[in-house]
Amino acid sequence: MRFDPRQAKLPGVEERLSTLLERIERGRREADRWPIGAATRDEIEDVLAEGYIVALTCESTSRRLDERLSSLVEALEDEDAAREARRLALQKRTLDSRVSDLRARLADLRDRLRVGTPPPHGHGG
């Protein structure tokens with residue numbers, strides 16, 4: 001039995017992640033311009049905060065999917081339960097992969113922000 005890739009999507013999550021990833025990419029480009037201005041730094045910090053909230057929310061969703069999968073294990077001989085388990089497993093794998101990618105991009109953006117921010121006045125650098 002083959003699965004349609006659309007079954008891996010969680011409603012609303014893909015769109016939110018896509019928009020956030022676009023904002024992260026814009027932030028990465030802006031962070032490469034030195035020095036980073038205050039408005040750009042504020043925007044990047046907002047993107048980072050939102051990104052970590054989305055990552056935590058997705059991780060919570062992944063845990064709920066895992067719990068649901070565990071509850072289906074006893075009924076896998078039932079065709080509908082097995083189908084549901086495969087769908088949930090695909091969603092969980094996809095979500096976990098997207099969150100891993102998101103966290104890597106957030107770490108990169110955070111590092112770029114750190115490097116692109118000049119030291120406070122009066123400090124050597």
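Reply: Helices here are DSSP runs of H or I with at least four residues, and strands are runs of E with at least two. On that basis the protein chain has three helices and zero strands. Keep in mind that this is a predicted model.

Me: How do you know what order the elements of the protein chain come in?

Reply: They are numbered from the N terminus, and from there on they run α-α-α.

Me: What makes α1 and α2 roughly antiparallel to each other?

Reply: Two packed helices are described by the angle between their axes and the distance between the axes. For α1 and α2 the angle is about 150°, with the axes 10 Å apart. Angles over 145 degrees count as roughly antiparallel, so α1 and α2 get that label. Their crossing is left-handed.

Me: Which residues of α1 and α2 meet?

Reply: On the α1 side they include Leu17, Leu20, Ile24 and Gly27, and on the α2 side Ile44, Val47, Gly51 and Val54.

Me: Why is Glu43 called partly exposed?

Reply: Glu43 lies in helix α2 and has 38% relative accessibility. Buried means under 20% and exposed means over 50%, so at 38% Glu43 counts as partly exposed. Its C-alpha is 9.9 Å from that of Glu30, which is 13 residues away in sequence.

Me: And Gln91, what makes that one count as buried?

Reply: Gln91 is in helix α3. Its relative accessibility is 5%, and the cut-off for buried is under 20%, so Gln91 counts as buried. The C-alpha atoms of Gln91 and Leu10 are separated by 6.9 Å, although the two are 81 residues apart along the chain.

Me: How much of the protein chain is buried?

Reply: Buried residues make up 31% of its 125 residues. The chain exposes about 8100 Å², and carbon and sulfur atoms supply 52% of that.

Me: Which residues touch the most other members of the largest nonpolar core?

Reply: Ile24, Leu95 and Leu102 do, in a core of 26 residues. The elements giving two or more residues to this core are α1 (13–31), α2 (38–72) and α3 (79–116). Leaving aside residues up to four places away in sequence, Ile24 touches Val47, Leu102, Arg105, Leu106 and Leu109.

Me: What share of the contacts join residues at least 24 apart?

Reply: Among contacts between residues at least 6 apart in sequence, 83% do.

Notes: Residues numbered from 1 in each chain as written. Predicted model: local features only at pLDDT ≥ 70, side-chain atom pairs only at ≥ 80, totals over all residues. Heavy atoms only, no water. Core = buried A, V, L, I, M, F, W, Y, C linked by side-chain atoms within 4.5 Å. Buried < 20%, exposed > 50% of the residue type's maximum accessible area, 1.4 Å probe, protein only. Contact = heavy atoms within 4.5 Å. Areas by Shrake-Rupley, 256 points an atom, 1.4 Å probe, with all protein chains shown as cover. Axes fitted to C-alpha atoms, helices over the stretch in contact; angles between N-to-C directions. Parallel < 35°, antiparallel > 145°, perpendicular 65-115°, else oblique. Left-handed = near helix turned anticlockwise from the far one by under 90°.
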